[in-house]
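Please look through the sequence and the coordinates below before reading on. The paragraphs after them move from the chain as a whole to individual residues.

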Amino acid sequence: MELFVDTHAHLDFDLFDEDRELVIQRAIENKVAGIISIGVDLESSKRAVELADKYAIVFAAVGIHPTECADVPDRDFDVIEELAQHEKVVAIGEIGLDYYHMRAPKNVQKNVFIYQSHIAKKLDLPIIVHNREAQADLLELITSNALAQKEGVLHSFSGDDIYLENILETDFFISFTGNITFKNSKMEHLVEKTPVEKLLLETDSPFLTPVPLRGKRNEPAFIVHTAKKIAEIKKISLEDLGQITTENARHLFKKLNI
Ligand SMILES: [Zn+2]
């Protein structure tokens, strides 16, 4: 029985060029029922859609990541909108704010984020949100009228307790990655606080490989290690966690046809 949906993987990245086919095969063998391959710029969004065309298990999200959002020509956003109408594009993302890398000024990042939230709203697609050291501004955008689309997921969640509590008041889902399995993660209480009805699973492959595979490249088949950790914290069975989070994914990503 298939159990998990990896709602966030970068299958198009060149770290998978040598063995992408095998990576997808191993995901299927490890009870992964669906993988959402996430675009970070126009080219990677196109590649994500191509992968979705090629493999039944793969779906795509298209968007311009906050680290890639400086000097994007207007035309690119039109192409993102066109790509988003593909039957296997289930979300706009990843989009959001990144004040750690700060590759574009804050106001540019905000504008690009807001603009793409309008595309999402227009097409009735949820948004996949990236946050790095920008929780205050992100919360402000989410809770004000600035952001057009209020359905989505805060992926690879990081932030403090009060931020999480505020987010849990909204309709946004939360997903944690392999970093919750790290010895020094200090994130268990955040997982504990998040109701399973609000949780999604993700790997963020090729990054954030869970224990006990740390040091290796991450891939969707490894999602079980993060899932086990969450199930343990939530004191439910792995099967129940898989079922609930898969149901959550189907609910949020309406075009996720699995
Ligand atoms: Zn990502």
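This is a predicted model: local features need pLDDT of at least 70, side-chain atom pairs count only at pLDDT 80 or more; totals for chains, interfaces and linings use all residues.

Residues are numbered from 1 along each chain as its sequence is written, and side-chain values use heavy atoms, with hydrogens and water left out.

The protein chain has 9 helices and 8 strands, where helices (H or I, at least four residues) and strands (E, at least two) are DSSP runs numbered from the N terminus. For 258 residues, a compact globule would have a radius of gyration near 18 Å, and the 17 Å of the protein chain agrees with that; the radius is taken over C-alpha atoms, and the globule rule is 2.2 Å times the number of residues to the power 0.38. Taken along the principal axes, the box filled by the C-alpha atoms of the protein chain is roughly 45 × 40 × 30 Å.

Of the 258 residues of the protein chain, 60% count as buried, a word that here means under 20% relative accessible area, with exposed meaning over 50% and partly exposed lying in between (1.4 Å probe, protein chains only). The protein chain exposes about 11400 Å², of which carbon and sulfur atoms supply 49%; accessible areas come from the Shrake-Rupley method with a 1.4 Å probe, and for residues only the protein chains shown count as cover. Contacts (heavy atoms within 4.5 Å) tell how the chain meets itself: among those in the protein chain between residues at least 6 apart in sequence, 72% join residues at least 24 apart.

Turning to charge, the protein chain has 29 positive and 43 negative side chains, and the centres of the two sets lie 3 Å apart. In this count Lys and Arg are positive and Asp and Glu negative, with His and the chain ends not counted, and the place of a charge is taken as NZ of Lys, CZ of Arg, CG of Asp or CD of Glu.

The structure holds 17 salt bridges, each being a side-chain nitrogen of Lys or Arg within 4 Å of a carboxyl oxygen of Asp or Glu. One of them joins the side chains of Glu-219 and Arg-26, with 2.7 Å from N to O. This pair links distant parts of the chain, 193 residues apart, since Glu-219 is in the loop between β8 (199-201) and α8 (223-234) and Arg-26 is in helix α1 (residues 20-29). Glu-219 counts as buried because its relative accessibility is 3%, whereas Arg-26, at 29%, counts as partly exposed.

A salt bridge also connects Asp-137 with Lys-110, and their closest N and O atoms are 3.3 Å apart. Here, too, distant parts of the chain are linked, with Asp-137 in helix α5 (residues 135-143) and Lys-110 in helix α4 (residues 106-123), 27 residues apart. Asp-137 has 18% relative accessibility and therefore counts as buried, while Lys-110, with 26%, counts as partly exposed.

Glu-247 is partly exposed, with a relative accessible area of 46%, and Arg-250 counts as partly exposed at 33%. Elsewhere, salt bridges that share partners join Asp-19, Arg-26, Arg-217 and Glu-219 into one network.

Another cis peptide bond joins Val-211 and Pro-212, with omega of about 10 degrees, and Pro-212 is found in the loop between β8 and α8.

Lys-31, although not a glycine, has a positive phi of about 65 degrees; its place is in the loop between α1 and β2, and it counts as partly exposed at 40% relative accessibility. Asn-30 is also placed in the loop between α1 and β2 (32-38), and its C-alpha atom is separated by 8.7 Å from that of Ile-223, 193 residues away along the chain.
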